[in-house]
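Subject: Structure for you to look at

Hello,

Here is the structure I promised. Please open it alongside this note.

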Amino acid sequence: MITWMILIYAIIVSGIGFILMGVDKKRARSNHWRIQESTFWKVAWLGGATGNWLGMSVFRHKTKHKSFVIGTPAIIIVHLVLFIVIKARLLS
């Protein structure tokens, strides 16, 4: 049950990250106000790093920023490790 709740949460937050990447890319092209980078990092740390990463790939956005290219996959790895550790603790 907990696993499904975590998975659903991650999908929702990742969806938000993905949408934010698309919206920011569209705004960048049309010279409108932009979404702050700190917002992307907050979403990533709250569980949306996978959505951010997919948004970076699909929209080709933030791909020249080394902090995003390296940091986003690193957050995904941290989240996976945390999930595995928490899952192992719950099963023991």
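First, the ground rules. This is a predicted model, in which local features need pLDDT of at least 70, side-chain atom pairs count only at pLDDT 80 or more, and totals for chains, interfaces and linings use all residues. Residues are numbered from 1 along each chain as its sequence is written, and side-chain values use heavy atoms, leaving out hydrogens and water.

**The whole chain**

The protein chain has three helices and zero strands. Helices (H or I, at least four residues) and strands (E, at least two) are DSSP runs, numbered from the N terminus. The pattern along the sequence is α-α-α. The C-alpha trace spans about 55 × 25 × 20 Å along its principal axes. Of the 92 residues, 28% are buried; that means under 20% relative accessible area, with exposed over 50% and partly exposed in between (1.4 Å probe, protein chains only). Take the contacts (heavy atoms within 4.5 Å) between residues at least 6 apart in sequence: 65% of them join residues at least 24 apart.

**H1, residues 2-29**

The expected span is 1.5 Å times one less than the number of residues. Buried residues in H1 are Val13, Ser14, Gly17, Leu20, Met21, Gly22, Asp24 and Lys25. Their cover includes H2 and H3. After H1 comes Asn31, with a positive phi near 55°.

**Ser14**

Ser14 lies in H1. Its relative accessible area is 12%, so Ser14 counts as buried. Leaving out residues up to four places away in sequence, Ser14 touches Gly47, Gly48, Thr50 and Gly51.

**H2, residues 37-59**

H2 is another story. A straight helix of 23 residues would span 33 Å, but the end C-alpha atoms of H2 span only 16 Å. H2 has a kink of about 125°, centred on Gly48. The bend at a residue is the angle between axes fitted to the seven residues ending there and the seven starting there. Gly48 is among the buried residues of H2, as are Phe40, Val43, Gly47 and Met56. The buried residues of H2 pack against H1 and H3 (66-91). Just after H2, Arg60 has a positive phi of about 50°.

Best wishes
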